[in-house]
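Here are a few notes to read beside the model. Keep the sequence open as you go.

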Amino acid sequence: MITKSAQGGEWVTEKRLQWILRIALLVLLCATLGVRLVRCAILDRSAVLDGTLRWQGRTYRASAGHYCEDTQLAVATDANGAKWAVNSVEGDPDGEQFVVVRSFLDQYLYQNEAYSVPANGTVTAVYIDYERTDDAVLLQTLQQVMTAERAADPIVCILQDVRSRSVSFCYEDCAVAPKTSGWIVWVDGTLAVAQFDRDSKVLDEPSGKRELICSPIPEDLAVFLAESGYFIEK
């Protein structure tokens with residue numbers, strides 16, 4: 001088969017076009033690899049991991065909470081000489097308050113020991129499972145759902161039989177959510193809200209089977225949550 005190229009009107013064979021595409025792909029791969037190698041070479045390697053993480057004049061201690069990893073900031077060396085990636089947390093791009101220390105298999109959240117995580121105040125972001133958003137309307141709706149009085153006609157189901165997504169609020173521009181406020185649950189096509197620690201009880205101790213008491217979410221709020229794309233039952 002022969003075809004006409006876009007430049008100059010000359011005829012070229014399909015085989016020649018295939019070689020051109022292969023060369024272009026090879027150049028692209030080499031350029032991508034080159035960028036990664038340069039980036040790796042200029043990474044800050046001054047971080048030290050020895051129980052705490054010491055980096056950029058700050059000391060970080062192990063922490064917990066809901067977060068999303070972002071980009072790599074540095075490389076840390078532990079007492080055995082092993083190298084760990086030091087990654088930023090979404091919402092804290094420079095790692096001033098939090099970083100994630102990661103190896104090939106493990107990851108740990110570290111918090112600047114000079115910083116205290118706010119557990120209340122103005123809600124500025126939310127983690128839905130481990131997806132972070134600061135959409136103002138969604139934040140307001142979720143706060144309304146989580147703080148509403150429980151419905152007089154709750155839905156009783158088996159915890160293991162339902163799907164759910166956790167809702168965890170960040171306060172005062174903190175990048176990490178310190179706790180889970182509740183769960184949005186699908187029960188037979190209905191969106192409901194529950195707090196597993198308060199609204200569930202063990203039915204069968206050997207199996208761990210639990211009963212869950214859920215409060216249906218008002219229809220207008222449930223429709224908005226479904227349309228947001230975060231709470232679509234699949």
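1. Start at one pair of residues. Arg 58 in β5 is the bridge partner of Trp 55. This is a predicted model. The two strands involved, β4 and β5 (residues 58-62), pair in the antiparallel sense over three bridges. In general, strands of a sheet pair through backbone hydrogen bonds, either parallel or antiparallel.

2. Look at the turn next. β4 and β5 make a hairpin, with two residues between them. Gln 56 sits in that turn and has a positive phi of about 55°.

3. Now the other partner of β4. Strand β3 (residues 44-50) pairs with β4 (residues 52-55), antiparallel, over three bridges. Val 48 stands opposite Arg 54 in β4. The hairpin of β3 and β4 has one residue between the strands. Gly 51 takes a positive phi there, near 95°.

4. Seven strands close into a barrel, in the order β3-β4-β5-β9-β8-β7-β6. The pairing is mixed. On average, neighbouring strands of this sheet are turned by 35° against each other, direction ignored.

5. A disulfide needs the sulfur atoms within 2.5 Å. Cys 157 is buried, with a relative accessible area of 11%.

6. Cys 170 is another case. The closest cysteine sulfur, in Cys 174, is 6.1 Å from its own, too far for a bond. Cys 170 is buried too, with a relative accessible area of 0%.

Technical notes: Residues are numbered from 1 along each chain as its sequence is written. This is a predicted model: local features need pLDDT of at least 70, side-chain atom pairs count only at pLDDT 80 or more; totals for chains, interfaces and linings use all residues. Side-chain values use heavy atoms; hydrogens and water are left out. Two strands pair if DSSP finds at least two bridges between them. Helices (H or I, at least four residues) and strands (E, at least two) are DSSP runs, numbered from the N terminus. Axes are lines fitted to C-alpha atoms, for helices over the stretch in contact, and angles run from 0 to 180 degrees between N-to-C directions. Buried means under 20% relative accessible area, exposed over 50%, partly exposed in between (1.4 Å probe, protein chains only).
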